[in-house]
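Open the model in your viewer and keep the selection tool ready. Please walk me through it, stop by stop.

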Amino acid sequence: MAVRIPGINIDEYYQQLGPIEPLIRDDRVTEIMVNGSDHVYVEMAGKVVLTNIKFVDEDQLLNVIQFIVRTVGRRIDERQPLCDARLADGSRVNAVIRPLALNGPLLTVRKFSRDPYQVDDLIRFGSCNEAGFGFMKAAVLAKANIVISGGTGTGKTTFLNVLSGFIPVEDRIVTIEDAAELQLHQEHVCRMETRPKDINGEGEITIQRLVINSLRMRPERIVVGECRGGEALDMLQAMNTGHDGSMTTLHANTPRDALGRLETLVLMAGVDLPVRAIRQQIAGAINLFVQLSRLRDGSRKVTQITELVGMEQDVITMQDIFILEQKGATPEGKVIAEFKPTGLRPQILDRIFTQGIPLPKEITALFPPPPGYKPAKR
């Protein structure tokens with residue numbers, strides 16, 4: 001179910017978006033990029049193209065930006081010339097105005113599907129296969145702590161939404177986001193969103209503060225939309241103190257890069273910890289990295305599922321459980337690739353088998369369950 005702002009008729013709301021209204025309503029468009037009043041780009045089928053849509057002038061574009069920002073209780077002006085917000089349907093919005101935007105206001109809308117993608121959709125798109133999703137589902141049910149890493153526009157939030165769908169309906173889930181995008185269908189979900197500073201520079205509520213507060217809410221799962229600052233330390237500490245089954249996303253191009261980024265984010269918390277202690281926190285907290293990448297043909301795919309296995313001296317050790325093997329391209333430029341297990345035995349299997357969680361036949365064929373193993377019915 002798409003996010004709604006109370007008291008707003010969605011059709012009337014869309015009409016306030018001026019020239020970009022048809023783009024918002026067009027399900028083929030996944031992203032809208034407005035560069036000043038006369039350059040509107042869209043992403044369709046993984047490709048960015050320039051449209052013939054234009055705003056009358058800069059003032060009309062500013063009015064649309066102000067409308068979007070006001071409806072979610074945020075502000076944008078010369079003193080605070082950039083803002084993250086969302087549309088009434090849950091689409092993510094970023095706006096930048098003068099003096100930061102030199103050639104006119106910049107508006108970026110990352111659209112969210114009215115019907116959130118399900119596992120079957122991502123399998124059909126070729127983002128991952130049944131074996132990969134079967135393994136990830138078992139890991140989620142076994143309360144593995146999972147980080148989804150990837151570059152900009154690789155589909156991290158969409159994937160987080162899908163993985164969160166594997167969480168059992170009886171679990172109490174706390175979601176924490178800068179701009180609320182996750183669309184979970186479980187009943188027991190507590191959704192929290194950050195708050196920026198007010199006009200006096202006060203009243204800010206950060207992700208870090210919400211993570212700390214969530215620990216007092218008896219969560220069984222904590223889902224953070226994206227770790228991008230000092231909240232990474234609080235998230236790791238939560239994972240290390242009994243809050244298993246937590247998930248978040250991170251900007252990184254490989255799982256090994258993600259480790260380095262996590263170390264940097266922990267240092268941003270302002271706590272003077274030696275690097276070895278930070279790495280021990282990471283190694284003890286996180287079970288899996290799911291790496292997303294955008295390939296040359298514009299497709300978004302899971303390229304690695306990597307497990308953290310411990311530490312050797314001061315180095316965190318990892319092993320790839322699944323990898324995407326690229327085998328060339330078709331004459332039309334479509335990447336030919338196969339997502340397959342590496343054959344290395346995941347440590348998380350012990351927890352999965354202990355709890356009787358079903359695994360896909362592709363995994364049990366590689367790693368036979370212990371004698372007498374009977375998976376629970378789910």
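Predicted model: local features only at pLDDT ≥ 70, side-chain atom pairs only at ≥ 80, totals over all residues.

Stop 1: Select the strands in the order E3-E2-E1-E6-E5-E4. They form an open sheet of 6 strands with antiparallel pairing. The edge strands are E3 (47-50) and E4, and each pairs on one side only. From one strand to the next, the twist averages 15°.

Stop 2: Now pick E5 (residues 92-96) and E6 (residues 106-110). These two run antiparallel and are joined by 5 bridges. Click Ala95: its bridge partner in E6 is Leu107.

**Stop 3**

**Stop 4: a helix pair.** Select H9 (residues 255-267) and H10 (residues 275-285). They pack at an angle of about 115°, their axes 10 Å apart. The crossing of H9 past H10 is right-handed. Show side chains for Leu259, Leu262, Glu263, Val266 and Leu267 of H9, then Val275, Ile278, Arg279 and Ile282 of H10; these make the contact. The contact residues divide into 7 nonpolar, no polar and 2 charged.

Stop 5: Move to the second largest pocket, with a volume of about 390 Å³. Which residues are closest to its centre? Select Asp84, Asp178, Thr194, Pro196 and Glu204, from a lining of 18 residues. Strand E4 (82-86) and helix H7 (207-214) each give two or more residues to this lining. E4 gives the most, with 3 residues. Colour the lining by type: 5 nonpolar, 5 polar and 8 charged.

Technical notes: Residues numbered from 1 in each chain as written. Heavy atoms only, no water. 1 Å grid on protein atoms, 1.4 Å probe; cavity = no way out; pocket = protein on both sides within 12 Å on 5 of 7 lines; lining within 4 Å. Points joined across faces, edges and corners; volume = space filled by probe spheres on them. Helix = DSSP H or I, 4+ residues; strand = E, 2+ residues; numbered from the N terminus. Nonpolar A, V, L, I, M, F, W, Y, C, P; charged D, E, K, R; others polar. Axes fitted to C-alpha atoms, helices over the stretch in contact; angles between N-to-C directions. Left-handed = near helix turned anticlockwise from the far one by under 90°. Contact = heavy atoms within 4.5 Å. Pairing = 2+ DSSP bridges.
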